[in-house]
Structure formats: structure tokens, C-alpha cells
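Welcome! Please take a look at the sequence and the 3D structure shown here, and then we will walk through them together.

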Amino acid sequence: MKSPVRLERRLEQPRWLNWAIPVISLLGALVVGAVVLLATGKNPLDVYWRILDRGFLSQRAITGTLRTATPLAFTGMCAAAAFRLGVINIGGEGQLYVGAVGAALVGLWIGGSAPVGITIIVMVLAGMLFGAMYASIVGILRSQFNTNEIITSLMMNYIAGIILNYLIFNSRSYWRDPRSIGFPSGKPLEKRTHWPTYEIFGTSVSFGFLLAVAAAIVLWVIYKRSRLGFEIGIIADSPRAARYVGIRTKWTIVAVTAMSGALAGIGGASQVGDFAHYLDAKGLQLNNFGYTGIVVAALARLNPLGAIVVAVLLGGLTNAGYSLQGPDFPSGLVGTLQGLILFTAVAGEILTKYRLRSNRNTAKAVAA
Amino acid sequence: MAESAVRMTGVVKRFPGVVANDGVNFEVMKGEVHALLGENGAGKSTLSNILTGLYRPDEGTIELDGSTVSFGSPRSALDAGIGMVHQHFRLVEPFTVAENVILGNPETPFVIDTGSTVERVAELAKRYDMAVDPNAKIWQLSVGEQQRVEILKVLYRGARVLILDEPTAVLTPIEAEALFKTLRAMTAEGRTVIFISHKLDEVMSVSDRITVLRSGRTVGTVATKDTSTRELAGMMVGRSVEFSRAVRRNPGVSSDVVLSLTDVNCNDDRGRQALHGVNVTVGRGEIVGVAGVAGNGQRELAEVIAGMRSSTGGRIAIEDKPVLNGRARAAIAGGVAHVPEDRLHTGLAAGHSVEDNMALKNYRTPLLSRFGLLKRNIITTQADDLVMKYDVKTPDTGTPVRLLSGGNVQKVLLAREFSTNPKVLVAASPTRGLDVGAIETVRERLVEAADNGVGILLISEDLEEIMSLADRIVVMYEGRLVADMPATGATREQLGLLMGGATLEASR
């Protein structure tokens, strides 16, 4: 009955594991993927090279990769921020939609008159505020009534989706383009509200992506150096110790959930300001940015800087997938490869906290 | 007369740093109610866990009905006829009584015949006079009824020896009476009951014979009709041990009151009243010992003073200034230091480093943070100083405290608490689980603090500790302070009786 190996909790987690395990996981995925590719008659080396090239190496590829990575970085940081406190906010999806609604509102409202710089800053702030307010409902329910935040945040994703549909398809709202008769769509924002892009080493980098990097640095400082970060760490480590020193746990839960929602909200604002330039009710709901963000957070081990790196990797993988797909390469196979990489990465995660031990040696020790 | 049901001989069980059972001999006859009496930490639970197959003894033998047995798991003990009713119930709340009874029983068929199960459970309940509806869901039942379900579970499995771990701790007096009746009905049928308790009165009223454990050893076995609560108290706490009173530079008799509680009430985590009108004062430089068996409100008393728990009535004051009710930060700012019972998970954040834990009480002060940002380098220097001053053995201040030994964990905690320059220290079982050297250090620190004018409320189950450190002793029983006396006049027997619920007059 006994399995030959068992998991044993590591007393200490050596630092080198933090990079060794992801690398080994990735290699494992590539090996398993190679078997699948060989079985379907493809040359694995050739396929892997194409993924690398289309996702990361060629100049155009990086531009696309960063574009795909931007919302994932935000939703990844959103999930990570809440998870760090043990609040499982999976509502990044809905908080992103609501952030987009807020940014689009501001863009439409003051976009024609206010100075460009102010308009863009207010769009970002509006995205944050809308996302934060939407998420804080979850935080308040959790801290005041001990409601399960997994369920409430998930449900609120559907509500946010319905709000989007209502604003564009089912009403004559401020966000809807009155000229779109046949197929309703969002009212386009003035050209001057479009967020800038910067040329860095021949790659165009969006303002949104730079915001994501800035947010990651701010978060990192909060976790490492701030009182709030210290308190978050204590609450996550031992709620009783937090009570013992008088940390306001309930307040912190609301604040962190709001912060988490604000991050997803900027992601939504960036979708409006950087890319769509109108409230794209369909497009926002197409990509599952919020749910993928949960994967990003897990792979990044809840580290905000890690979330940027993982988002870029996933972004590249997604874009490479699009370009691989074709008559000779079914989309199912693309999905299989992407799934394998995620699967081994998550599976490898457990080895940072636990180690494998053979049961044969220890059986004797127990009997003795 | 009767034949032996269980005989345990020379049982030794060691845990890292502690010998929980040190050559225990224990024999129970068929058809008797046999009480296992002892203070917390005397080794009662370890012994019963060995008997039910949860632990393996390091040495010694167990005989069941005269033949030697060795249990690899609780299931094999249950198969042999030994069942345990735990203090904390293991029931599935949304399931019915009958479902819980058959749960985990290997004889339960894949398809459950609900009708006949309910019938059999009802019949069993009736036979032993236990009023409980087999179709009721567990969450609908009172605690006393839930306990009956636990008993039914082991009876249904055919247990001939039942072990009850402090069964009355959760019961009202009427429920306890009903339980005793049930136990009698079971022994009348030839079943054997082992009744674990530290309450003298109920042991006297329910048992046939009593075995007393102290510090992991058997003190003796006596027939209930030949003994008295006084004798049992003496056996339980030990009368012969000599102890020396700590040397105090400034024996604490001061008229300055630093901590005063007036008619304080509060509830426990389950909302039941845990403190009933507690009045106590601690003077400057005075050590007041709170004696009592664990679970009589000591934890709530400590928490209510430290602001971790809201009082439901009364007044708590530091140097005559009332403290904001239920605000830990206010208590800390008011000068209350607190060494909680559960050091590693309440007093400290175990996964955090030594330096973070040293800063836990003062990270918000201007010394350690500005504009919401922490001054990490000063946090490190502060920790370095304290580690040096309190002789904490740690590789560096970045080491998580959970990797330190028990004695060093307590040193980290004490170092931090004393570094806040407290007026009052509430210390709950500050030496429990520590080795002799660490115990010595901790006691020296407490005495030193008292000499420097800190008023100390020392909550402990260890009478020796209280009698050697305290200037004044109060006894807690069921959420009330039942006695308040100078330490010099108190005797162990008297304290033992008071802790077991005797009145002050009766204890004299």
C-alpha cells in the first residue's frame, strides 16, 4: 500500500532552489513535449526554435510579446498582492473590466479638453479607483462577515462581464458609440488620449508596460521595506501573532484587497489607453486576463518583480502559439505544449517547500 | 477478585527533550471505573495515546486480558477492543448521529442500510441510558449529546475498554451526572472505563480505583473508598519535593498598584463566559502567582489584560489609568508586556526572522520607522543588541525563530518584552516545555524584572514555580479567583485542593 517515496517538508529552503526548480521544470516540460511532438511526426528542436524565435528573439516578436504581457503582469500582481495575505482574490478578471470602464469614462469625458498629460494620469487613477472599489466589496465582505472571498470574487467577475455587456450592447450608455447601429461598439476616444509608446532598443514599449514595471517596483518596496508590508507578512505568517501585537487585521484585509483590485484596474485602463482606445466589451472578455493572472502569480511565487518576468514569458509563449498554429500545426498541439510547461512549472513548485524521500530507508527507522 | 483488563508495565515514552512517561505501571481490572489523575503534563494523555495505539512506547509492555499486545495504529487498538473518547470531538457536523457512528467502521457495507443502522444505534443508546436521536444532525446537538455520539461510536465498534479524556470538561453538572450513570451501566456489563481527569471531586464520585501520575511516573494506585481528596491532592502535586524560594533583592511589598482588575468578565472563543468578576491587583515589583489547572480561564485572563480579548464588564487599569478595552496596541502603549502560553505562534511569528520578531512590538515607533517605511538597519542593530544581552543562541538575526530551540525562542520573546520597558508583565507558563537550564534563566529574568519594579502576573500550572517565585498567590477555578493569599503561608496540599475546586475553608 505504501508508496515508495513520500514528501517531506523542507526545514530550510535554500536560495538556489528559487531559480533551479523553475529551470528544471521547464526542461522537464520540453522533454515531455518532445515526446509528444515526435509522436505526431514533428521535429521538436525545430518547433522549439520557432517558439523561441517568434516569441522572444525577432524584433517584432518582442513588441507583440510585451503587448500581450502587459495585462497579465497587472492581473498577476493583483492576484499575488492578495494571495500574500492569504486572501484568495480571483476577481482580477472583473476588476480589470471595471478599471477599463473607469478609464474609458475619464477618457471620453475630459479627453477632448484637458491637457494630454493630465488626461492620461487621470485615466490611470480612474482605473485604479474603479478596480479598488470593486475589489473592496470582496474585502469588506471577507473581513466583516467572514464571507468566502473565492466565491464572492468569482461571482463578481460575472457581474462585471454583465455590466460591460450592458454598457455597450444593451443600453444607450455614455460609453456606447451612438453611430454604431448594426453592431454596437464603444465610443472611440480622442486621438490625444492614446497612451504613448516609447522606442527602446528598437522595440516599441507601451506606457502601460512601463507602468507595470513601476508598479512592481513600488510593490517590492512595500513588501520589503514598509510597515504595511511588515504587517501583511505577520498576518500571513501567524494571525494570532498579529492579534497579539494589535495589528488591525480587518482593515489590512480591506486595504490589500483594494490595492489588489487597483492593480487589475490599471491593467484594464491600459487596455483602453494603450490598445483599444474604446471600451471593448467583447475584447476584454475574450482573453481571460484575470484568470491567467492567477497562474502568473503562482509561477512568480507571489513576487511582483517575478510577475513581470512570468508575464513576459507567458506572453511570448502565447504569441508564438499564434504563429505556430496553421494547417500543419493544429491548435490543440499548441495548447498541449503550453499546458505542459505550465503544468510542470506548478508541479515543480512543491519541491521548493518539500523534498522527496525514499520510504525504504525510513521504514527501518520507524520500526527501530 | 476481578481479573485484569489492561496492564501496562514499565512504560517509557520519550519526546525530544522530554520524558513524558518514565516507567509507568498501570493496571485496570475488568468492570471497574478507573480514574487516571494528574496535573497537565503529568503524562496522562501520553499514556492513553500509547494504550490506543497512537504512540508506540519506547520501553515497557502492554497486556490486554493477560496477553501481550502491540498496537501499530488506533485502528488495531480498536479492533482489540480499546476505544477512546477524545476531549475534542471528531464528528462530521452535517452528518446524522447514525452516520457518524458507522463512519470509519470497516464492517460498514458499501451500500448502507440506513434503517437497520438507525435501529441498532437507537437500541445501543437506550441500553446505556443515553438520550440521543440517531437521526439528528450533529450540528443540532448540544455538546453533551455530541459526547454521547462519541461514546456510541466506540461502543458500536465493540470496545470493551473505554478511555474518556477529561469528559466532563465540556459538560454541565447535570450532563456530567448523566454521563456517570452511563459509565455505571457499562461497567455493570463488564466493560472497563478509564476516566482521565484532574478534578478531585468527580474522581471521588465516579471511580472505583484511582491511579495518580506525576511528572511521568506512577505515584500510586488507591481504592476510592480508602482515600480522600486531601490525600489525592497531595499525591497529585507532590508533598515531598523541596524547593527554594528565589532570592529577591527587593521583596515586592509595595503600596503602588501597577495593575488592577475590578469585577472583570469576559467570554471565551466560543462565547461562553470564561471570567466571572475577577478582582486582582499587582503592586510595583510584586510577583503575583495565578495557580490553577489549565482551562479555568487563565488564557482569557492573560488575553484580556493584554488587550487581545474584549472584556464584557469590569475595569482594567494600569497605574490607575483605565486601558482601552480589547485594544492590544493601547495595552502595549500603556506598558503591558505579555508572554503568552503559545510562544511560537502567538508571541512570535514563527516564520519570521529573529530581528523581525524583536521589532514586533516597536516597529511602529519613530525609532524604527518613518513615513511608513521601516529602518531595516536599526531593526538589525536592535536585534543584535538584544541577542547579545539576552544570550540568544542563533546563527544570525536573519534566522527564522521556528528554527531556534525552545529555550532560545523564549529568550527572544522575553528580550523583546523587557525591551519595551513595561510596567506590568503577564507571563503565562513561561517555563513550560523548557529544559532545566533555560528554566533557570527565565526565572532569573522574571525576578530581575520584579526587582526593577515591574509588576508580574505569573500564570502557571507548575506549583513549584509559583511557590518559589510569587509574593502572593491567587487560585483560579472555573473562571473565578477562589483564593488570594501570601505565598509564605500557602502549602501545596492547600493549593492542590483549591485548584481542584475545594473551598478555602475546606482546604484549611
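Let us begin with a term: two residues are in contact if their C-beta atoms, placed from the backbone, lie within 7 Å. By that rule, the contact between the two chains takes 25 residues from chain B and 16 residues from chain A. This is a predicted model, in which local features need pLDDT of at least 70 and side-chain atom pairs count only at pLDDT 80 or more, while totals for chains, interfaces and linings use all residues. Residues are numbered from 1 along each chain as its sequence is written, while chains are lettered from A and ligands numbered from 1 in the order in which they are written.

**Where the chains meet**

- Which elements of chain B give two or more residues to the side that touches chain A? They are helix H10 (328-334), helix H11 (343-347) and strand S18 (373-374). Helices (H or I, at least four residues) and strands (E, at least two) are DSSP runs, numbered from the N terminus.
- This side of chain B divides into twelve nonpolar, eight polar and five charged residues. In this grouping, Ala, Val, Leu, Ile, Met, Phe, Trp, Tyr, Cys and Pro count as nonpolar, Asp, Glu, Lys and Arg as charged, and the others, Gly among them, as polar.

**Chain A as a whole**

- Chain A has 15 helices and four strands.
- Its radius of gyration is 23 Å, close to the 21 Å that the globule rule gives for 368 residues, so chain A is as compact as a globular protein of that length. The radius is taken over C-alpha atoms, and the rule is 2.2 Å times the number of residues to the power 0.38.
- The C-alpha trace of chain A spans about 80 × 60 × 40 Å along its principal axes.
- Of the 368 residues in chain A, 46% are buried. A residue is buried if 20 or more other C-beta atoms lie within 10 Å of its own, exposed if 12 or fewer, and partly exposed in between, with C-beta atoms placed from the backbone.
- Among contacts in chain A between residues at least 6 apart in sequence, 78% join residues at least 24 apart.

**Chain B as a whole**

- Chain B comes to 18 helices and 22 strands.
- A compact globule of 508 residues would have a radius of gyration near 23 Å, and the 25 Å of chain B agrees with this.
- The C-alpha trace of chain B spans about 70 × 50 × 45 Å along its principal axes.
- Buried residues make up 48% of the 508 residues in chain B.

**The nonpolar core**

- A nonpolar core is a set of buried Ala, Val, Leu, Ile, Met, Phe, Trp, Tyr and Cys residues joined through C-beta atoms within 7 Å.
- The largest one has 245 residues, and those with the most contacts inside it are A:Met77, A:Ala307, B:Ile456, B:Leu458 and B:Val475.
- Helix H3 (residues 59-83) of chain A gives the most to this core, with 13 residues.
- Leaving aside residues up to four places away in sequence, A:Ala307 touches several others, including A:Ala73, A:Met77 and A:Ala300.

**A helix pair in chain B**

- The axes of helix H4 (residues 114-127) and helix H5 (residues 143-156) of chain B come within 10 Å and cross at roughly 105°. Axes are lines fitted to C-alpha atoms, for helices over the stretch in contact, and angles run from 0 to 180 degrees between N-to-C directions.
- H4(B) and H5(B) are therefore roughly perpendicular to each other. Angles under 35 degrees count as roughly parallel, over 145 as roughly antiparallel, 65 to 115 as roughly perpendicular and the rest as oblique.
- B:Val121, B:Leu124 and B:Ala125 of H4(B) meet B:Leu152, B:Leu155 and B:Tyr156 of H5(B).

**Residues to find yourself**

- A:Glu149 is in helix H6 (residues 149-168) of chain A, and it counts as buried, with 24 C-beta neighbours inside 10 Å.
- A:His277 lies in the loop between helix H10 (249-276) and helix H11 (281-286) of chain A. Its phi is near 65°, a positive value in a residue other than glycine.
- Is A:His277 buried or exposed? A:His277 is buried, with 20 other C-beta atoms within 10 Å.
- B:Phe371 sits in the loop between strand S17 (369-370) and S18 of chain B. B:Phe371 is exposed, with 6 other C-beta atoms within 10 Å.
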